[in-house]
Amino acid sequence: MDEHKKLLNFKRLEKLSKVLEKNRFETFLSEDSKSAANHVLSLIGRNSASGATGAVSYTNGQNKKIGLGGSQTVRSLGLVDALKNAGNEIITHTPEMDKQTRIETWLRAQTADFYLASPQAITLNGELILIDAYGNRAAAAIYGPKKVILIAGHNKIVKDLNEGLWRIRNIAAVANNIRLGRKNPCVISGKCEDCDIESRICNVVSILYRKPVYTDYLIVLVNEELGY
Ligand code: SF4
């Protein structure tokens, strides 16, 4: 990416980080996805010794339970394999699971040590917006896990709630419909048609105006375009 644009995006993230802190969220600002992933890994399962090279290494057998929403951002950071390799248990649904198994998996994820997800939009006022088909991810990102880690690239920044609500329906949801191979109307037209069919994925929207009182958060802001 053009260096000037990169600097501009970093400044926007820097400002957003301060606003989020004002809203009582803990934040971590990262130049790129590699340092973001290292920070998350170090938080979840760090080997206390960083070694002579300064490279962080990770112990096996951390045995933390990590709930995971269907986040492309989390996956693009390579966190799923890295966390598994460090001996943690990843709790997430898979396409072949039946309804009952999914529900049980989501309930377990809700009480995990950490829950990893990505918001679909963050406003300049530091409000985080998530959209969901089943509500499991939106619920776990509000209450239940010991710590919620939300990771977002600069592409998730929006001016305000109106723009955020537009973004989640017309960009995030459409891209996810395409990824999931759904034949919903937005896939044909390229914009939300507010469909009323069973395969609709936009059923729940949650907005975090401020940090929910009893939930610990880390919002990781990454100076890259990540996810939808
Ligand atoms: S409401 Fe329906 S048409 Fe609109 S983005 Fe969601 S799935 Fe697509």
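**Figure 1. Arg24 in the loop between H1 and E1 of the predicted model.** Arg24 is found in the loop that joins H1 to E1; helices (H or I, at least four residues) and strands (E, at least two) are DSSP runs, numbered from the N terminus. Residue numbers start from 1 along each chain, following the sequence as written. The model is predicted, and local features need pLDDT of at least 70, side-chain atom pairs count only at pLDDT 80 or more, and totals for chains, interfaces and linings use all residues. Phi of Arg24 is near 75°, a positive value in a residue other than glycine. Most residues other than glycine have a negative phi. Arg24 is exposed, because 12 other C-beta atoms lie within 10 Å; a residue counts as exposed at 12 or fewer such atoms, as buried at 20 or more and as partly exposed in between, with C-beta atoms placed from the backbone.

**Figure 2. Asp194 in the loop between H8 and E9.** The loop holding Asp194 runs between helix H8 (185-189) and strand E9 (204-208). Asp194 is not a glycine, yet has a positive phi of about 45°. With 10 other C-beta atoms within 10 Å, Asp194 is exposed.

Figure 3. Two residues are in contact if their C-beta atoms, placed from the backbone, lie within 7 Å.

Figure 4. Strand E2 (residues 65-68) pairs with strand E3 (residues 89-91) in the parallel sense over three bridges. The bridge partner of Lys65 in E3 is Glu89. E2 also pairs with strand E4 (residues 114-117), in the parallel sense and over three bridges. Gly67 has Tyr115 as its bridge partner in E4, and Leu68 stands opposite Leu116 of that strand.

**Figure 5. Tyr115 in the largest nonpolar core.** A nonpolar core is a set of buried Ala, Val, Leu, Ile, Met, Phe, Trp, Tyr and Cys residues joined through C-beta atoms within 7 Å. The largest core has 55 residues, of which Tyr115, Leu116, Leu150 and Ile151 touch the most other members. Leaving out residues up to four places away in sequence, Tyr115 touches Gly67, Ala109, Ala140, Ala141, Pro145 and Val148. Of the 228 residues of the protein, 38% count as buried. Among contacts between residues at least 6 apart in sequence, 73% join residues at least 24 apart.

Notes. Pairing = 2+ DSSP bridges.
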